[in-house]
Amino acid sequence: MAGSSSIPATTVREIRVVQRADGAAAVLAIGTANPHHCVPQGDYPDYYFRVTNSDHLTNLKPTFAKLCGMTGIGRRFFHHTDEMLATHPNLSLDARLDVVATAAPELAASAAAKAIAEWGRPVGDITHLVVSTNAGSHAPGTDVRLVSLLGLRHDVLRTVLQLNGCASGCAALRLAKDLAENNRGARVLVACVELTITAFRGPDKADSFDALIPQGLFGDGAGAVIVGAEPYVHERPLFEMVSASQYVIPDTEHMLTMQLGSGGIGGTIATGLPRLAAGIVEQCLLDAFGDRLAGSGGVVEWNNLFWAVHPGSSVMLDHIVRALRLAPGKLAASRTVVREYGNMLGATVIFVLDEVRRQREDPQGEGAGHDEGWGVMMGFGPGFTVEAMLLHAAT
Ligand SMILES: CC(C)(COP(=O)(O)OP(=O)(O)OC[C@H]1O[C@@H](n2cnc3c(N)ncnc32)[C@H](O)[C@@H]1OP(=O)(O)O)[C@@H](O)C(=O)NCCC(=O)NCCSC(=O)/C=C/c1ccc(O)cc1
């Protein structure tokens with residue numbers, strides 16, 4: 001059409017070139033936090049039956065004790081205390097969600113404040129916020145509360161992920177990578193916060209081994225990460241985020257489910273999940289990263305990598321070790337985290353990244369000098385979904 005235009009003669013392509021960052025996103029800082037109340041896993045069966053007034057269900061206790069004993073968990077942290085459960089023995093779902101609405105942002109803020117302090121830049125430089133949780137059900141939720149608790153900019157771009165199960169930490173970091181790489185100068189705060197009070201319930205005499213799994217496995221915690229591309233002078237990249245993948249395994253929807261119902265968060269965690277994961281993990285990783293990692297003979301030696309695997313339990317880790325023919329110490333960071341904190345769903349993998357960083361930096365540590373700077377972060381969630389990311393350690 002003829003006539004003059006006031007719009008500058010720039011193509012969308014040119015605008016995109018300016019908008020996008022040139023380099024890969026990187027993890028620039030990590031912070032973690034837990035509530036104070038700690039229960040050793042060895043004491044947990046007695047504790048659980050006592051605080052839920054269920055000591056009369058004598059047949060279930062040995063089953064639960066066996067389950068607790070096989071997880072590799074040494075202790076777990078909880079926001080809910082004995083006093084809270086004793087004074088409110090039949091805490092309604094509404095009341096539990098109200099607890100989460102207050103406590104989740106505070107725990108997330110505590111982890112985020114540590115990440116921001118390590119990062120060392122003004123909080124106003126954070127352009128995007130990704131919050132992930134399996135606990136809350138309020139809007140405005142943890143994301144909006146974090147804006148005021150942390151003093152974030154009011155134009156920070158917020159995204160919330162909900163009910164992604166244990167894969168949610170990897171999913172949040174995948175999203176952060178894409179945000180950072182597609183928006184020049186973006187600094188993304190990722191906060192994953194989990195409080196098990198929404199899933200907490202007493203045992204039922206009809207409970208199977210599977211039905212007790214969530215009570216034996218999950219703990220409370222928050223992990224926060226700052227992600228950005230093209231680091232400024234004072235920023236210290238920890239892990240470059242090279243490539244991400246997600247697979248849903250056909251016909252496995254029934255194996256791992258979550259729903260918010262009248263009793264809180266419930267669902268199915270089938271025994272056999274570790275076997276299922278072990279059966280497909282190598283093919284998933286080969287499809288995603290095989291071309292980049294294969295040696296001259298076209299074979300990938302998984303032992304040359306560092307590993308940040310979400311530890312569902314130590315049983316899951318044992319299966320992954322066997323499936324990938326890993327040396328026993330390769331999943332040391334995951335084993336440390338599951339032992340010290342239990343399975344904190346989406347927050348866990350951030351604790352593992354922090355531990356991988358610590359072990360790689362410790363010259364006497366199990367992770368020192370045992371990889372070639374490349375690594376894999378991996379998590380599992382409902383679907384059955386395998387989330388993975390190829391990482392490159394910046395140091
Ligand atoms: C440790 C588990 C719980 C069990 O191990 P397993 O290898 O699958 O189980 P097995 O079938 O081999 O049985 C193990 C043992 O338990 C025994 N067992 C078997 N059923 C019995 C029995 N009813 N009596 C008593 N002994 C028995 C069984 O005999 C066997 O004993 P033993 O031969 O002596 O080793 C394992 O399945 C596990 O790690 N699961 C977690 C998997 C995981 O990483 N998931 C990640 C995603 S989780 C997620 O996204 C969250 C979702 C969620 C969903 C719902 C929520 O509420 C909250 C969250």
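How do the residues of the shell around the ligand divide into nonpolar, polar and charged? The shell holds 18 nonpolar, 8 polar and 2 charged residues, where Ala, Val, Leu, Ile, Met, Phe, Trp, Tyr, Cys and Pro count as nonpolar, Asp, Glu, Lys and Arg as charged, and the others, Gly among them, as polar. This is a predicted model, in which local features need pLDDT of at least 70 and side-chain atom pairs count only at pLDDT 80 or more, while totals for chains, interfaces and linings use all residues. Residues are numbered from 1 along each chain as its sequence is written, and side-chain values use heavy atoms, with hydrogens and water left out.

The ligand is surrounded by 28 residues, and the closest are K66, C166, G272, G312 and S313; a residue is near a molecule if one of its heavy atoms lies within 4 Å of it. Elements that each supply at least two residues of this shell are α3 (60-69), α8 (209-217), β10 (264-266), α9 (273-293) and α10 (314-323). Helices (H or I, at least four residues) and strands (E, at least two) are DSSP runs, numbered from the N terminus. The largest share of the shell, 4 residues, comes from α8.

A backbone N or O atom of C166 is 2.9 Å from a ligand oxygen. For K66, an N or O atom in the side chain lies 3.2 Å from an oxygen atom of the ligand. R275 places a polar side-chain atom 3.4 Å from a ligand oxygen. Taken alone the ligand exposes 1,200 Å², and the protein buries 75% of that, with accessible areas from the Shrake-Rupley method with a 1.4 Å probe and, for residues, only the protein chains shown counting as cover.

The space taken by the ligand is the largest pocket. On a 1 Å grid over the protein atoms alone, a pocket is an open set of points with protein on both sides within 12 Å along at least five of seven lines, a cavity is a set where a 1.4 Å probe fits but cannot get out, and lining residues have an atom within 4 Å of a point. A molecule sits in either if more than half of its atoms lie within 2 Å of its grid points.

The volume of the largest pocket is about 860 Å³, a volume being the space filled by probe spheres set on the points, which are joined across faces, edges and corners. Its lining has 49 residues, with I213, P214, L217, F218 and I269 nearest the centre. Two or more lining residues come from each of α8, β10, α9, α10 and β12 (374-381), and α8 gives the largest share, 7 residues.

There is 1 cavity of 30 Å³ or more, and about 70 Å³ of space lies in the largest cavity. Among the residues lining the largest cavity are Y44, R76, H80, P214 and F218. Both β3 (75-78) and α8 supply at least two residues of that lining.

Some backbone details remain. A cis peptide bond joins A139 and P140, with omega about -10°; P140 is in the loop between β4 (128-133) and α6 (142-150). The bond from G383 to F384 is also cis, with omega near 0°, and F384 is in the loop between β12 and β13 (385-393). N53 is not a glycine, yet has a positive phi of about 50°.

Note on methods
A polar contact is a pair of N or O atoms within 3.5 Å; within protein, one must be able to donate a hydrogen and the other to accept it, and residues adjacent in sequence count only if both atoms are side-chain atoms.
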